[in-house]
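Biologist: I am new to this structure. Could you show me how to read its features, one at a time?

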Amino acid sequence: MSKKTLASEAVVSPVRIGRSAGAALGILALALGALQSVVEPALPLLQRELGVSPAEGALIGNALLVTGAVVTPVAGKLGDRYGGKRVLVRLMAVVAAGGLLAALAPNLPVLLLGQVLQGVMVGALPLSFILVRKHLTAGQSQVAMGLVVALFTGGGMVGTLIAGPLAEGLSWHWMFALPTIAIVVTTSFVARLMPHDPPIRSDHGIDWPGVVLLSGTLLAFMLGLVTVTRDGGLPPLAVGALVVAVAALATGWVAVERRAASPMVDLRMLAKPAVWRSCVLTLVITITSGMVLLLLPQLFAVSADGYGFGAGTTDIGLFLLPGAVAGAVSDSVGGIAARRFGPYAVVVGGGVVTAATVIALASLHTEAWQLVLAKVLTAFAAGAATTALLAGTATVVETKDTGIATGLLVVTRVIGVALGVQVGGAILAAGADPMTGRPAEAAFATGFTVAGLVAALSLLVVRIKGKEAHA
């Protein structure tokens, strides 16, 4: 029997790919989802404990998102080149280091560094897909991939629920420590039980300059928003310097990506009308989602003596849970709806629901159920619309370009959420009382109105697309 035949049999051997290995991979996804989601319900508490503004607090969640945006396009390439198991274990070591830093963080800068390191967890999904694809049959791998995604999503719900009890019963440090411990334990089982997968030789290197420049652009933009909205702001000359710096970094990134032999994000795909429209729509939709993601927990946490609800972290987690469930369900509904009605029809429906709901919140936010319902509607609408765009784009580009086009949309999705969160934080910081630091009710009304108007832009983009189609 040839060596090739022996290798093939080893790959599908049930002894090497037992249920225990698959279970370890699934539990790891669950723990990662929990670690990723603990910040959202606890953000008001973290701001109070660390003594920071909403704009600075927004950086806590965004630090993870920025890392995720730049790791996602390269994780699969690293896994193919060096082996999925090898890269996954090393990435989890980085995540564990970030979780430990966050758990021990005495101040905001250390917590932000921990979040940056934790952000590489996003690469676990494509690496998990590599492993199950190489070691299982086609039918088994599809089931396994679906299970990994479902457990990651379920972990997000678990994190939303445990953040409050851990933060209020022990301390906020345990929100990061407990999932990190689970990640360390399950990674050790994955390393021991999962078979090694052979690397695939490639003629192209990793686009590290693109990774660095995209990270720098996003971080400079977000730090710029925080600085500009801080008490006293900045003189016009300093603001102009920040704008120039962000523009220079963004221009440099575009130039590098256009010339790279194997770019992290192939911007040439944007020359295709279907792709750039989907990217614009995804960006608009997710900016709105990011703003809602930031504004609702902040409003829940405002003292009940004023216009808020005085909710603690546990209550905020419970209030946000229905929205998390709606977002998870929307991922499957979006693909089905896109196939039946077309992706742009789903975007129009989602845009109308989101714009109407968020603008209504500007004046209707006196009852907790109003905010909970708004979270459910916007999470479902945004999830269905972005998934429909993803599915629709995958079917209109050539098969060889599917990975590039969908990867571009995934990166756009992460960037949009990060920008929305930071803009929402900047609006609240700009409208805060200088004496108490608490945002005025008008700041929330402004934030919701801006988010609704941004959502309405999706309708304008679709309308322009329709006119071009009939021209």
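Modeller: Start with one residue and its place. This is a predicted model, and Ser278 sits in helix 12, residues 273-301.

Biologist: Is Ser278 buried or exposed?

Modeller: The test is relative accessible area, and buried means under 20%. Ser278 has 4%, so it is buried.

Biologist: Which residues is Ser278 in contact with, leaving aside its neighbours within four places in sequence?

Modeller: There are these: Tyr344, Leu389, Thr393 and Leu409.

Biologist: Let me step back. How many helices and strands does the protein have?

Modeller: It has 17 helices and zero strands. Of its 471 residues, 50% count as buried. Contacts also have a sequence side. Take those between residues at least 6 apart in sequence: 81% of them join residues at least 24 apart.

Biologist: Now a single helix. What span should helix 9 have at 1.5 Å a residue?

Modeller: Helix 9 has 21 residues, so it should span 30 Å. Its end C-alpha atoms are 31 Å apart, which agrees.

Biologist: Pick one from helix 2. What is the relative accessible area of Leu35?

Modeller: It is 1%, so Leu35 is buried. Leu35 lies in helix 2, residues 19-37. Now list its contacts, leaving aside neighbours within four places in sequence. Leu35 is in contact with Val95, Gln118, Met121, Phe176, Pro179, Thr180 and Ile183. Leu35 and Thr160 are 125 residues apart along the chain, yet their C-alpha atoms are separated by 9.4 Å.

Biologist: Which residues does Thr186 touch, not counting those up to four places away in sequence?

Modeller: Thr186, in helix 9, touches Ala24, Ile27 and Leu28. Its relative accessible area is 8%, so Thr186 is buried. From Thr186 to Ala29 is 157 residues in sequence, but 9.4 Å in space, C-alpha to C-alpha.

Biologist: On to pairs of helices. What describes two packed helices?

Modeller: Two values do: the angle between their axes and the distance between the axes. Take helix 5, residues 84-104, and helix 9, residues 173-193. Their axes come within 8 Å and cross at roughly 160°. The cut-off for roughly antiparallel is over 145 degrees. Helix 5 and helix 9 are therefore roughly antiparallel. Their crossing is left-handed. Helix 5 brings residues including Leu88, Met92, Val95 and Gly99 to the contact, and helix 9 brings residues including Phe176, Thr180, Ile183 and Thr187.

Biologist: At what angle do helix 4 and helix 6 pack?

Modeller: The angle is about 25°, with the axes of helix 4 (residues 54-82) and helix 6 (residues 108-118) 6 Å apart. That makes helix 4 roughly parallel to helix 6. The crossing is right-handed.

Biologist: Where does helix 13 have a kink?

Modeller: The kink is at Leu320, shortly before the proline Pro322, and is about 35°. Check the length as before. Helix 13 covers residues 313-341, and its 29 residues reach 40 Å, close to the 42 Å expected. Just after helix 13, Gly342 takes a positive phi of about 95°.

Biologist: What angle does helix 13 make with helix 3?

Modeller: Helix 3, residues 39-50, and helix 13 pack at about 150°, with axes 8 Å apart. The crossing is right-handed.

Biologist: One last residue. Is Lys375 buried or exposed?

Modeller: Lys375 has 11% relative accessibility, so it counts as buried. Lys375 is found in helix 15, residues 368-396. Not counting residues up to four places away in sequence, Lys375 touches Glu40, Leu293, Leu296, Leu320 and Gly323.

How values were computed. Residues numbered from 1 in each chain as written. Predicted model: local features only at pLDDT ≥ 70, side-chain atom pairs only at ≥ 80, totals over all residues. Heavy atoms only, no water. Helix = DSSP H or I, 4+ residues; strand = E, 2+ residues; numbered from the N terminus. Expected span 1.5 Å × (residues − 1). Bend = angle between axes of the 7 residues up to and from the residue. Buried < 20%, exposed > 50% of the residue type's maximum accessible area, 1.4 Å probe, protein only. Contact = heavy atoms within 4.5 Å. Axes fitted to C-alpha atoms, helices over the stretch in contact; angles between N-to-C directions. Parallel < 35°, antiparallel > 145°, perpendicular 65-115°, else oblique. Left-handed = near helix turned anticlockwise from the far one by under 90°.
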